[in-house]
Amino acid sequence: MNRHARPGLDRALAVSRELLAAAAVADMRAIERLDADRLRLLQSLRPQRDSFGAGDWMVLKEISELNDRALGLMEHHRRALERSLDMAAVGRRAVAAYCDTRP
């Protein structure tokens, strides 16, 4: 295990966990900030990747899995918002249709 890479990976893992929590509540500002922070951390570790040990690769795998879960949550929130917008559009069309029928 590369002792220089490990603290950066541990921080990227912690940020990934925070990002997942932000995705659970659809906090897009936090998601954007945390994703940028994590990207900077991971990019800073790139030159050291050839010396990563098995533990480092396991942390990267966990980061990837957390990222997949966060993306799934954000997709779920996006679809829920789209459904809400669709229902609002249906309501607006109904109001427009019925407003012409008033005496």
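Contact here means heavy atoms within 4.5 Å. The model is predicted, so I noted its limits: local features need pLDDT of at least 70, side-chain atom pairs count only at pLDDT 80 or more, and totals for chains, interfaces and linings use all residues. Residues are numbered from 1 along each chain as its sequence is written, and side-chain values use heavy atoms, with hydrogens and water left out.

Next, the overall fold. I find three helices and zero strands, in the order α-α-α along the sequence. Helices (H or I, at least four residues) and strands (E, at least two) are DSSP runs, numbered from the N terminus. The radius of gyration is 22 Å, well over the 13 Å that the globule rule gives for 103 residues, so the chain is more spread out than a compact globule. For my own reference, the radius is taken over C-alpha atoms, and the rule is 2.2 Å times the number of residues to the power 0.38. Along the principal axes, the C-alpha atoms fill a box of roughly 80 × 20 × 20 Å.

I then checked burial. Buried residues (under 20% relative accessible area; exposed is over 50%, partly exposed in between; 1.4 Å probe, protein chains only) make up 24% of the 103 residues.

Ser16 lies in helix H1 (residues 5–24) and counts as buried at 1% relative accessibility. Leaving out residues up to four places away in sequence, I list Arg38, Ile63 and Leu66 as touching Ser16. Leu66 lies in helix H3 and counts as buried at 8% relative accessibility. With the same exclusion, Leu66 touches Leu13, Ser16, Arg17 and Leu20. I also took the C-alpha separation of Leu66 and Gly8, which is 16 Å for residues 58 apart along the chain.

Last, the H2 and H3 pair. The axes of H2 (residues 28–45) and H3 (residues 54–99) come within 13 Å and cross at roughly 160°. That makes H2 roughly antiparallel to H3; angles under 35 degrees count as roughly parallel, over 145 as roughly antiparallel, 65 to 115 as roughly perpendicular and the rest as oblique. Axes are lines fitted to C-alpha atoms, for helices over the stretch in contact, with angles running from 0 to 180 degrees between N-to-C directions.

Which residues meet? From H2 I wrote down Met28, Ile31, Arg38 and Leu42, and from H3 Leu60, Ile63, Asn67 and Met74.
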